[in-house]
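I opened my notebook to look at a new structure today. Here is what I looked up, entry by entry.

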Amino acid sequence: MGLASSNQSAETETAPSKQIFILSGQSNMAGRGGVDRHKKWDGVVPPECNPDSSILRLDAQLQWECAKEPLHADIDTKKTCGVGPGMVFANAVRKRVGVIGLVPCAVGGTAIREWARGMPLYENMVNRAKEAVKSGGQIKALLWYQGESDTSKYDDAKLYKANMEKLIQNVRQDVGSPSLPIIQVVIASGDSKYLERVREAQKEIDIPNVVCVDAKGLPLQEDHLHLTTAAQVRLGQMLADAYLANFEPPPQASS
């Protein structure tokens, strides 16, 4: 299926230079910033999240369009989406990396076992990633924020590390990038029963080109589960800092 469309703007036709980032996990990656207890989004878009002609998004129909909040509106369709970390991340790295293609894949309320190879969520993510490169570009990283749904049951928490390690292995194999950079957010919320166990599992993953940023301490909404808009802005900056520091060294100054 081709990604070009008759109404594509001139900006989207710069596809060969796209640097592609997969956004995946559950609700805090999909974005709930500004969504109130009545499931209404307040529509507030911080300046760090503003659209830019160099930031594109692969929509649910696998077409590139100018990215804007909420990034996951047509992906995480059973919930109300608001501000997430993706646009902040893109704005923070675009001057270094050029044209950016965001591939939103996150779905709220999903456990790690639902992201196993062969499951619909996983297969959709891999399919979207493969489609994203067909019009030109390179997959640069997977940004992953998930784990809250694995904090309620002992077995889920116990198996989290092994399941996440398998996910990393599978994604790298299936998108044809054996050393694909992965930035994992260490969760800040969930069921207190096994929250710390899942956090420790995330921090203990020791695989090359896998780094963590810790969301602990970022402001939460009234539900004590979802990040506020301000927290999402900070998280997006943290993800950008981690990417630039670990995977996108600054150009060497000419002597």
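Which residue in strand 4 does I55 stand opposite? I found that I55 faces I100 there. A reminder to myself: this is a predicted model.

**Strand 2 and its partners.** I saw that strand 2 (residues 55–58) pairs with strand 4 (residues 100–104) in the parallel sense, over 3 bridges. I then checked strand 3 (residues 64–66), which runs antiparallel to strand 2 and is joined to it by 3 bridges. Here W64 is the bridge partner of L58. The hairpin of strand 2 and strand 3 has 5 residues between the strands, and in it L62 takes a positive phi near 65°.

**The two faces.** I looked at which side chains are covered. I55 and R57 are buried on one side of strand 2, and L56 and L58 are buried on the other. I noted the general rule that side chains in a regular strand alternate between the two faces of the sheet.

**The core.** I found 75 residues in the largest nonpolar core; L102, M125, L167, I183 and Y243 touch the most other members. Helix 6 (residues 229–247) gives the most to this core, with 10 residues.

**The whole chain.** I counted 6 helices and 7 strands. The radius of gyration is 17 Å, close to the 18 Å from the globule rule for 255 residues, so the chain is as compact as a globular protein of that length. I also noted that 54% of the 255 residues count as buried.

Notes
Residues numbered from 1 in each chain as written. Predicted model: local features only at pLDDT ≥ 70, side-chain atom pairs only at ≥ 80, totals over all residues. Heavy atoms only, no water. Core = buried A, V, L, I, M, F, W, Y, C linked by side-chain atoms within 4.5 Å. Buried < 20%, exposed > 50% of the residue type's maximum accessible area, 1.4 Å probe, protein only. Helix = DSSP H or I, 4+ residues; strand = E, 2+ residues; numbered from the N terminus. Pairing = 2+ DSSP bridges. Rg over C-alpha atoms; globule rule 2.2 N^0.38 Å.
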